[in-house]
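Let's work through how a few labels get attached to a protein model. Have a look at the picture first, then follow the questions.

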Amino acid sequence: LKAKQKMADQADEVDFDEQVELGDDAPMEDAAPSSSRKGGIQRDTSGRKMKGRGAANSSMQDVGGFDSISGTAGPSKGPAKSIEGWIVFVTNLHEETQEDDVHDKFCEFGEIKNLHLNLDRRTGFVKGYALVEYESQKDALAAIENMNGETLMGATISVDWSFSRGPVRSSGRR
(Lines give C-alpha, C1' and ligand atoms only; values in the text may rest on other atoms or scores of the structure.)
Protein backbone atom coordinates (compact mmCIF):
# COMPACT_ATOMS: atom_id res chain seq x y z
CA LEU A 1 0.00 0.00 0.00
CA LYS A 2 2.87 2.39 0.78
CA ALA A 3 4.42 1.63 -2.62
CA LYS A 4 1.22 2.64 -4.41
CA GLN A 5 1.03 5.85 -2.33
CA LYS A 6 4.65 6.73 -3.22
CA MET A 7 4.07 6.12 -6.96
CA ALA A 8 0.95 8.34 -6.90
CA ASP A 9 2.89 11.16 -5.19
CA GLN A 10 5.67 10.93 -7.79
CA ALA A 11 3.16 11.02 -10.65
CA ASP A 12 1.72 14.31 -9.31
CA GLU A 13 5.13 15.99 -9.19
CA VAL A 14 6.01 18.09 -12.24
CA ASP A 15 9.46 19.41 -13.06
CA PHE A 16 8.95 22.82 -14.67
CA ASP A 17 12.65 23.29 -15.43
CA GLU A 18 12.72 20.16 -17.54
CA GLN A 19 13.04 20.93 -21.27
CA VAL A 20 10.29 19.34 -23.34
CA GLU A 21 10.94 18.32 -26.94
CA LEU A 22 8.43 19.84 -29.37
CA GLY A 23 8.41 17.32 -32.19
CA ASP A 24 11.02 17.54 -34.95
CA ASP A 25 12.01 21.14 -34.18
CA ALA A 26 15.23 21.98 -32.38
CA PRO A 27 15.03 22.73 -28.63
CA MET A 28 13.91 26.25 -27.78
CA GLU A 29 16.19 28.76 -26.09
CA ASP A 30 14.57 30.82 -23.35
CA ALA A 31 16.69 33.95 -23.81
CA ALA A 32 16.16 34.82 -27.48
CA PRO A 33 12.88 34.94 -29.39
CA SER A 34 12.60 32.63 -32.35
CA SER A 35 12.18 34.76 -35.43
CA SER A 36 13.45 32.19 -37.88
CA ARG A 37 10.96 30.01 -39.68
CA LYS A 38 11.91 26.37 -39.36
CA GLY A 39 9.72 23.99 -41.22
CA GLY A 40 7.22 26.77 -41.96
CA ILE A 41 6.26 27.10 -38.26
CA GLN A 42 7.19 30.24 -36.36
CA ARG A 43 7.31 30.16 -32.55
CA ASP A 44 7.60 32.82 -29.88
CA THR A 45 9.85 32.72 -26.78
CA SER A 46 7.51 30.44 -24.85
CA GLY A 47 7.35 27.92 -27.70
CA ARG A 48 3.81 28.73 -28.88
CA LYS A 49 3.08 28.71 -32.59
CA MET A 50 2.67 32.18 -34.07
CA LYS A 51 0.11 32.54 -36.84
CA GLY A 52 -1.78 35.34 -38.56
CA ARG A 53 -1.10 39.05 -38.73
CA GLY A 54 0.57 39.15 -35.33
CA ALA A 55 3.45 36.95 -36.39
CA ALA A 56 6.71 38.75 -37.10
CA ASN A 57 7.75 38.77 -40.77
CA SER A 58 4.16 38.01 -41.71
CA SER A 59 3.27 38.78 -45.31
CA MET A 60 0.00 40.38 -44.09
CA GLN A 61 1.89 43.27 -42.45
CA ASP A 62 3.26 44.45 -45.78
CA VAL A 63 -0.14 45.09 -47.35
CA GLY A 64 -0.15 48.77 -48.26
CA GLY A 65 -3.30 49.77 -50.09
CA PHE A 66 -6.54 48.73 -51.61
CA ASP A 67 -7.73 48.65 -55.18
CA SER A 68 -10.26 51.31 -56.03
CA ILE A 69 -13.17 51.16 -58.40
CA SER A 70 -13.43 54.30 -60.47
CA GLY A 71 -16.40 54.96 -62.70
CA THR A 72 -16.45 56.28 -66.23
CA ALA A 73 -16.41 59.85 -64.97
CA GLY A 74 -13.20 59.30 -62.99
CA PRO A 75 -12.54 59.70 -59.29
CA SER A 76 -14.20 63.12 -58.96
CA LYS A 77 -16.90 64.04 -56.45
CA GLY A 78 -20.56 63.96 -57.43
CA PRO A 79 -23.32 61.49 -58.13
CA ALA A 80 -22.60 57.85 -58.87
CA LYS A 81 -24.64 55.66 -61.18
CA SER A 82 -26.15 52.49 -59.79
CA ILE A 83 -26.08 49.26 -61.79
CA GLU A 84 -29.12 50.14 -63.90
CA GLY A 85 -29.67 53.87 -63.62
CA TRP A 86 -29.51 57.07 -61.58
CA ILE A 87 -31.30 56.84 -58.23
CA VAL A 88 -32.81 59.83 -56.44
CA PHE A 89 -33.49 59.68 -52.69
CA VAL A 90 -36.69 61.43 -51.57
CA THR A 91 -37.05 62.04 -47.81
CA ASN A 92 -39.59 63.54 -45.41
CA LEU A 93 -42.59 61.98 -47.14
CA HIS A 94 -45.96 62.13 -45.40
CA GLU A 95 -46.90 58.79 -43.81
CA GLU A 96 -50.02 58.40 -45.95
CA THR A 97 -48.25 59.04 -49.28
CA GLN A 98 -49.07 56.48 -51.97
CA GLU A 99 -46.78 55.21 -54.74
CA ASP A 100 -49.01 56.93 -57.33
CA ASP A 101 -48.54 60.30 -55.58
CA VAL A 102 -44.75 60.07 -55.85
CA HIS A 103 -44.92 58.74 -59.42
CA ASP A 104 -47.20 61.57 -60.56
CA LYS A 105 -44.89 64.24 -59.13
CA PHE A 106 -41.62 62.77 -60.46
CA CYS A 107 -42.70 61.42 -63.89
CA GLU A 108 -42.72 64.90 -65.42
CA PHE A 109 -38.88 64.96 -65.37
CA GLY A 110 -38.36 61.75 -67.33
CA GLU A 111 -39.30 58.10 -67.52
CA ILE A 112 -39.13 56.40 -64.12
CA LYS A 113 -37.48 52.99 -64.37
CA ASN A 114 -38.16 51.95 -60.80
CA LEU A 115 -39.86 53.35 -57.70
CA HIS A 116 -39.50 52.01 -54.15
CA LEU A 117 -41.75 53.29 -51.40
CA ASN A 118 -41.02 51.25 -48.27
CA LEU A 119 -43.74 50.62 -45.72
CA ASP A 120 -43.50 50.07 -41.99
CA ARG A 121 -44.62 46.48 -41.34
CA ARG A 122 -46.18 47.27 -38.00
CA THR A 123 -48.23 50.34 -38.97
CA GLY A 124 -48.58 49.88 -42.73
CA PHE A 125 -47.65 53.53 -43.32
CA VAL A 126 -44.76 54.84 -45.42
CA LYS A 127 -41.43 54.93 -43.60
CA GLY A 128 -40.82 58.46 -44.85
CA TYR A 129 -38.57 57.98 -47.84
CA ALA A 130 -38.68 56.80 -51.43
CA LEU A 131 -36.15 55.76 -54.08
CA VAL A 132 -36.86 56.93 -57.62
CA GLU A 133 -34.70 55.55 -60.46
CA TYR A 134 -34.21 57.33 -63.79
CA GLU A 135 -32.53 56.09 -66.98
CA SER A 136 -30.46 59.23 -67.53
CA GLN A 137 -28.53 61.52 -65.23
CA LYS A 138 -30.15 64.54 -66.91
CA ASP A 139 -33.64 63.40 -65.86
CA ALA A 140 -32.53 62.66 -62.29
CA LEU A 141 -30.77 66.02 -61.99
CA ALA A 142 -33.90 67.83 -63.23
CA ALA A 143 -35.98 66.02 -60.59
CA ILE A 144 -33.54 66.97 -57.84
CA GLU A 145 -33.34 70.63 -58.86
CA ASN A 146 -37.10 71.06 -59.28
CA MET A 147 -38.49 68.92 -56.44
CA ASN A 148 -36.06 69.64 -53.59
CA GLY A 149 -37.95 71.78 -51.06
CA GLU A 150 -41.36 71.27 -52.73
CA THR A 151 -44.44 70.07 -50.83
CA LEU A 152 -46.09 66.71 -51.35
CA MET A 153 -49.28 65.99 -49.38
CA GLY A 154 -48.52 68.84 -46.99
CA ALA A 155 -44.93 67.78 -46.23
CA THR A 156 -41.85 69.61 -47.51
CA ILE A 157 -39.70 66.93 -49.17
CA SER A 158 -35.94 66.77 -49.63
CA VAL A 159 -34.54 65.27 -52.83
CA ASP A 160 -30.90 64.33 -53.44
CA TRP A 161 -28.70 61.66 -55.02
CA SER A 162 -28.84 58.21 -53.44
CA PHE A 163 -25.26 57.34 -54.33
CA SER A 164 -22.33 59.70 -54.52
CA ARG A 165 -18.63 59.25 -54.97
CA GLY A 166 -16.56 59.81 -51.90
CA PRO A 167 -13.91 62.48 -51.50
CA VAL A 168 -10.90 62.36 -53.79
CA ARG A 169 -7.91 60.74 -52.07
CA SER A 170 -4.32 61.14 -53.03
CA SER A 171 -2.55 58.00 -54.20
CA GLY A 172 0.41 58.41 -51.81
CA ARG A 173 -1.61 58.06 -48.65
CA ARG A 174 0.91 56.31 -46.42
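A quick definition to start: a residue is buried with under 20% relative accessible area, exposed with over 50%, and partly exposed in between (1.4 Å probe, protein chains only). Helices (H or I, at least four residues) and strands (E, at least two) are DSSP runs, numbered from the N terminus. What you see is a predicted model, where local features need pLDDT of at least 70, side-chain atom pairs count only at pLDDT 80 or more, and totals for chains, interfaces and linings use all residues. Residues are numbered from 1 along each chain as its sequence is written, and side-chain values use heavy atoms, leaving out hydrogens and water.

Q: Which residues of helix H3 are buried?
A: In H3, which spans residues 137-147, they are Asp139, Ala140, Ala143, Ile144 and Met147.

Q: How do you know that the buried residues of H3 line one face of the helix?
A: Look down the axis of H3: its buried residues fall within an arc of 135 degrees, so they line one face. That arc is taken from the directions from the helix axis to the C-beta atoms. The face turned away from the buried side carries exposed Lys138 and Glu145.

Q: What covers the buried residues of H3?
A: The cover includes strands E4 (86-91), E6 (126-134) and E9 (158-161), along with helix H2 (99-106).

Q: Why is the pair of Trp86 and Trp161 called edge-to-face?
A: Rings of Phe, Tyr and Trp (its six-membered ring) pair if their centres lie within 6.5 Å; planes under 30 degrees apart are stacked, over 60 edge-to-face, and the rest tilted. Here the centres are 5.9 Å apart and the planes sit at 65 degrees, so edge-to-face it is. Trp86 belongs to strand E4 and Trp161 to strand E9, 75 residues apart.

Q: Is Trp86 buried or exposed, and how do you know?
A: Its relative accessibility is 11%, so Trp86 counts as buried. Trp161, at 18%, is buried too.

Q: What makes the pair of Phe89 and Tyr129 tilted?
A: The ring centres are 5.6 Å apart and the planes are at 40 degrees, so this pair gets the label tilted. Phe89 lies in strand E4 and Tyr129 in strand E6, so the pair ties together parts 40 residues apart in sequence.

Q: Why is Phe89 called partly exposed?
A: Phe89 has a relative accessible area of 31%, so partly exposed is the label. Tyr129 is partly exposed as well, with 25%.

How values were computed. Contact = heavy atoms within 4.5 Å.
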